[in-house]
Amino acid sequence: MIKRLGEENMLDLYKNIEIKVARVLANMEFEGIHVSKKALDEMSQEFDERIKVLEGSIYTLAGSEFNIASPKQLGVVLFEDLGLPVVKKTKTGYSTAVEVLEQLQYKHDIIPLIMEYRTLTKLNSTYVEGLQTYIDETGKIHTRFVQNLTQTGRLSSQDPNLQNIPIRTEEGRQVRSAFLPSHPEWKLLSSDYSQIELRVLAHMANDVHMIEAFKNNIDIHTNTAMRVFGIQNPEEVTSSMRRQAKAVNFGIVYGISDYGLSQNLNIPRKTAKEFIDRYLEEFKGVKEYMETIVMEARQKDYVETLFHRRRYLPEIHSSNFNIRSFAERTAMNSPIQGTAADILKVAMIELDRELQERNFQAKLLLQVHDELIFEVPEEEVESLQSLVEEVMENAVSLSVPLKADSNIGNNWYEAK
């Protein structure tokens with residue numbers, strides 16, 4: 001294996017990143033994070049009450065009682081009893097999948113309630129109640145960090161998966177308030193990279209406009225909106241324009257199609273296509289990167305990160321259009337997502353070393369996507385905050401600056 005790693009230019013990645021980060025992860029797993037069972041119990045009661053109220057309202061609007069969690073029964077209520085337009089059928093009857101409900105949400109008052117009911121019941125069973133089974137006698141949860149599960153090199157969290165706690169809704173974020181420091185008077189510090197994948201894209205694509213925006217600390221989504229909509233003044237960019245630009249910025253990283261963008265923004269496919277075309281016209285470096293990386297993947301059968309982590313893509317030669325397209329999108333995205341993951345690992349290794357060398361009492365507890373969570377005594381808060389930001393921002397040298405934002409709180413919710 002060592003010989004093969006040498007031949008494939010991955011020995012450095014193995015020795016200087018993966019092996020070193022394994023030791024850091026072992027310490028994090030051993031340390032664990034304190035989780036308040038009492039806080040989760042109170043949350044569970046609150047969610048149960050809200051779910052009961054929602055059930056009552058749904059039954060009233062439906063005109064009958066039924067099992068809301070059964071797609072079959074729900075389908076009958078929505079499409080037969082209430083006569084809503086059928087969006088999609090499955091082998092077993094009507095589809096009541098999320099995307100179907102989203103299309104129907106303005107057609108009847110019952111739909112938003114069903115969506116909220118689903119969100120709350122899933123949160124309650126998976127996290128509020130589910131997490132409690134993992135709390136040990138010391139009041140801590142010890143998740144496992146897996147290095148070799150994802151193809152891109154991102155770390156995974158298992159038993160329980162703490163990376164999946166939903167943060168798009170207030171209720172999901174609330175779950176994080178049960179995560180606490182393990183000593184009274186200590187704080188949690190959360191630090192995450194700001195738009196790291198877009199910064200990596202700017203570097204890899206060597207795109208003049210993106211590099212200029214990041215170097216001058218101009219909001220990247222406003223900058224994109226100005227270029228795509230042909231606006232000279234940032235003040236003229238509306239929140240709707242910025243939202244569309246943001247969807248394109250992040251979508252481009254994932255090789256988004258006009259269909260995907262039209263679904264995301266609820267706009268006609270033709271408009272979405274014009275939007276993407278204008279974006280690629282403006283950001284020529286990005287366009288060139290996308291074309292070059294796909295060509296490279298066809299020639300080599302793999303793509304790699306800045307640290308030479310490989311992602312093999314034999315499907316890029318598939319005669320099936322969908323399989324081939326997916327491989328092309330993966331070719332565009334893997335080097336970006338993988339490089340971002342590698343950078344975070346480099347920062348973790350460096351931070352671990354600094355904490356030990358400087359005899360900090362603070363400890364690194366969790367890694368979630370682009371975010372690191374520490375517990376820290378009051379007297380070390382300021383020095384830790386500046387150390388973490390400095391190390392994260394200088395983990396590697398790119399053609400654009402890396403930016404880390406950190407927050408302090410009494411729990412994980414407050415620290416975000």
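Here is a quick briefing on a sheet, some salt bridges and a surface patch in this structure.

The model is predicted, so keep its rules in mind: local features need pLDDT of at least 70, side-chain atom pairs count only at pLDDT 80 or more, and totals for chains, interfaces and linings use all residues. Residues are numbered from 1 along each chain as its sequence is written, and side-chain values use heavy atoms, leaving out hydrogens and water.

**The sheet**
- Four strands form an open sheet in the order S11-S12-S8-S13, with antiparallel pairing; strands (E, at least two residues) and helices (H or I, at least four) are DSSP runs numbered from the N terminus.
- At the edges sit strand S11 (363-368) and strand S13 (404-409), each pairing on one side only; two strands pair if DSSP finds at least two bridges between them.
- On average, neighbouring strands of this sheet are turned by 20 degrees against each other, direction ignored.
- Strand S8 (residues 186-193) and S13 run antiparallel and are joined by six bridges, and Ser-190 stands opposite Asn-407 in S13.
- Helix H15 (residues 321-357) lies across S8, S11 and strand S12 (371-377), at about 15 degrees to S12. Contact here means heavy atoms within 4.5 Å, and axes are lines fitted to C-alpha atoms, for helices over the stretch in contact, with angles from 0 to 180 degrees between N-to-C directions.

**Salt bridges**
- The count comes to 31 salt bridges, each being a side-chain nitrogen of Lys or Arg within 4 Å of a carboxyl oxygen of Asp or Glu.
- Lys-140 pairs with Glu-31, their closest N and O atoms being 3.3 Å apart. Lys-140 lies in strand S4 (residues 140-141) and Glu-31 in helix H2, so this pair ties together parts 109 residues apart in sequence.
- Both Lys-140 and Glu-31 are buried (under 20% relative accessible area; exposed is over 50%, partly exposed in between, with a 1.4 Å probe and protein chains only).
- Arg-154 forms a salt bridge with Asp-370, with closest N and O atoms 3.6 Å apart. This pair links loops 216 residues apart, and Asp-370 is partly exposed at 21% relative accessibility.
- Glu-350, Arg-353, Glu-354, Glu-357 and Arg-358 are linked in a salt-bridge network.

**A nonpolar patch**
- Ile-2, Tyr-14 and Ile-19 make a nonpolar surface patch of about 260 Å². Patch residues have over 30% relative accessible area and no salt bridge, with like charges joined within 9 Å and nonpolar side chains (Val, Leu, Ile, Met, Phe, Trp, Tyr) within 5 Å; areas come from the Shrake-Rupley method with a 1.4 Å probe, and for residues only the protein chains shown count as cover.
- Tyr-14 is found in helix H2 (residues 11-31) and is partly exposed, at 32% relative accessible area.
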